[in-house]
Amino acid sequence: MKSICFSSIKGGTGKSSLCILMANYAASAGYRVLVADLDIQNSATSYYLDSPDEADRKNIASVLHTEHLTENILPSIYPGIDLLASSLDLVKLRAIGDRTLRRILAFSDLPYDFLFIDTAPTYDNLVLNALNAADLIITPVAFSQFDFKGTLFYEAQLGRETDKLSAWRILFNFHRPARTDNPDALRNQYESLFRDSFGDLIAPIAIPDTTRIRRSIDTGERITPSQAKAPLHAAIASLAAYCGVERTTERF
């Protein structure tokens, strides 16, 4: 099972939406997928469950507390995806050992091809549990000073507190092509700043700025290669391939 974590210290970067779309893509391509929601805002949980009451007793907080994993997995409403749901009880576990989830996963024989982990926009031991359990860590960013400073912080912390810096990648999200080659244009300055600062840590994919992501999450509208949706479909397909999803799907 390959574990991919979407994580950022800054809110509003689109990590939950991308985590959901990646899980949906992999499941639609025929893979067995588990989603773990470690964000108390429970975005992924509310997307994948008809009723949040389902997560009252079975959730990721219970996994971390009891170390019983399989008993806390819930079926989701999306075919091919199961869920480790979020819980407000996560706030009681912020002092938990930062490799607890990694150890639990190592001793669990799970029937999944991929684990996608969503995290809270913060930096604590719960986030560290997700980072330490991941084979690939993706931090979505927009071109802003807050995103840049937050990314610098993440790089420093990953190098200082984990062995996962080599597994970390920065993903340009809400991406708009440059309208001019002028290096003094603010958008071009930010792209140069990110590329000069992080180099090969930047993933070779950019997710376009489009309302179709929100429509897909909010209304269940499927992403297809039709003309209007083609750029987003191609970007998610490329990101999926980058994450190790070898099969493709036309609709997710």
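Colleague: Where is the place of Leu-83?

Modeller: Leu-83 sits in strand β4. Please bear in mind that this is a predicted model.

Colleague: Is Leu-83 buried or exposed?

Modeller: Leu-83 is buried, because its relative accessible area is 0%, and the cut-off for burial is under 20%.

Colleague: Which residues is Leu-83 in contact with, leaving aside its neighbours within four places in sequence?

Modeller: Leu-83 contacts Leu-34, Val-35, Thr-45, Tyr-48, Leu-49, Asn-72, Ile-73 and Leu-74.

Colleague: And what separates the C-alpha atoms of Leu-83 and Arg-99?

Modeller: Those two C-alpha atoms are 20 Å apart, with Leu-83 and Arg-99 lying 16 residues from each other along the chain.

Colleague: Tyr-48 was among those contacts. Which residues does Tyr-48 itself touch, not counting residues up to four places away in sequence?

Modeller: Tyr-48 touches Ile-20, Ala-23, Asn-24, Val-35, Ser-76, Ile-77, Tyr-78, Ile-81 and Leu-83.

Colleague: Turning to the largest nonpolar core, which residues touch the most other members?

Modeller: They are Val-33, Tyr-48, Phe-116, Ile-207 and Ile-236, within a core of 44 residues. Helix α1, residues 15-28, supplies the largest share of this core, with nine residues.

Colleague: How many residues are in the second, separate core?

Modeller: The second core has 41 residues, including Cys-5, Ile-73, Leu-110 and Phe-198. As general background, nonpolar side chains in soluble globular proteins tend to be buried together.

Colleague: What about the surface: which residues form a nonpolar patch there?

Modeller: Ile-40, Leu-88 and Val-91 form such a patch, and together they have about 250 Å² of accessible area. Leu-88 belongs to the loop between β4 (81-84) and α4 (100-106).

Colleague: Why is Leu-88 classed as exposed?

Modeller: Leu-88 has a relative accessible area of 62%, and exposed residues are those over 50%.

Colleague: Helix α6 next. How many residues does α6 have, and what distance does α6 reach from its first C-alpha to its last?

Modeller: Helix α6 runs over residues 145-161, which gives 17 residues. The helix reaches 24 Å, close to the 24 Å expected at 1.5 Å a residue.

Colleague: Which residues of α6 are buried, and what do they pack against?

Modeller: The buried residues of α6 are Asp-147, Phe-148, Gly-150, Thr-151, Tyr-154, Gln-157 and Leu-158. Their packing partners are α5 (125-133), β6 (136-141), β7 (168-175) and α7 (186-198).

Colleague: Strand β7, then. Where does Phe-174 lie, and what is its phi?

Modeller: Phe-174 lies in strand β7, and its phi is near 50°, a positive value in a residue other than glycine. Phe-174 counts as partly exposed, at 35% relative accessibility. For context, most residues other than glycine have a negative phi.

Colleague: Glu-67 also has a positive phi. What is its value, and where does Glu-67 lie?

Modeller: The phi of Glu-67 is about 65°. Glu-67 is in the loop between α3 (60-66) and β3 (74-75), and is partly exposed with a relative accessible area of 38%.

Colleague: Back to β7: is His-175 buried or exposed, and which residues does His-175 touch?

Modeller: His-175, in strand β7, is buried, with a relative accessible area of 19%. Not counting residues up to four places away in sequence, His-175 touches Phe-143, Arg-187, Glu-191, Ala-206, Ile-207, Pro-208 and Asp-209.

Colleague: Which residue forms a salt bridge with Glu-191 at 2.4 Å?

Modeller: That residue is Arg-187, with 2.4 Å between the closest N and O atoms. Glu-191 and Arg-187 are separated by about one helical turn, because they are four residues apart in helix α7. Glu-191 also meets Arg-195 in a salt bridge, at 2.9 Å from N to O, and this pair is likewise four residues apart in α7. Glu-191 is buried, with a relative accessible area of 15%, whereas Arg-195 is partly exposed at 42%.

Colleague: How many salt bridges does the structure hold, and which residues are linked in a network?

Modeller: The structure holds 15 salt bridges. Arg-212, Arg-215, Glu-221 and Lys-229 are linked in a network of them. Within this group, the side chains of Glu-221 and Arg-215 meet at 3.1 Å, N to O, and Arg-215 is partly exposed, with a relative accessible area of 36%.

Conventions:
Residues numbered from 1 in each chain as written. Predicted model: local features only at pLDDT ≥ 70, side-chain atom pairs only at ≥ 80, totals over all residues. Heavy atoms only, no water. Core = buried A, V, L, I, M, F, W, Y, C linked by side-chain atoms within 4.5 Å. Buried < 20%, exposed > 50% of the residue type's maximum accessible area, 1.4 Å probe, protein only. Helix = DSSP H or I, 4+ residues; strand = E, 2+ residues; numbered from the N terminus. Contact = heavy atoms within 4.5 Å. Expected span 1.5 Å × (residues − 1). Patch = residues over 30% accessible without salt bridge, like charges linked within 9 Å, V, L, I, M, F, W, Y side chains within 5 Å. Areas by Shrake-Rupley, 256 points an atom, 1.4 Å probe, with all protein chains shown as cover. Salt bridge = Lys/Arg side-chain N within 4 Å of Asp/Glu carboxyl O.
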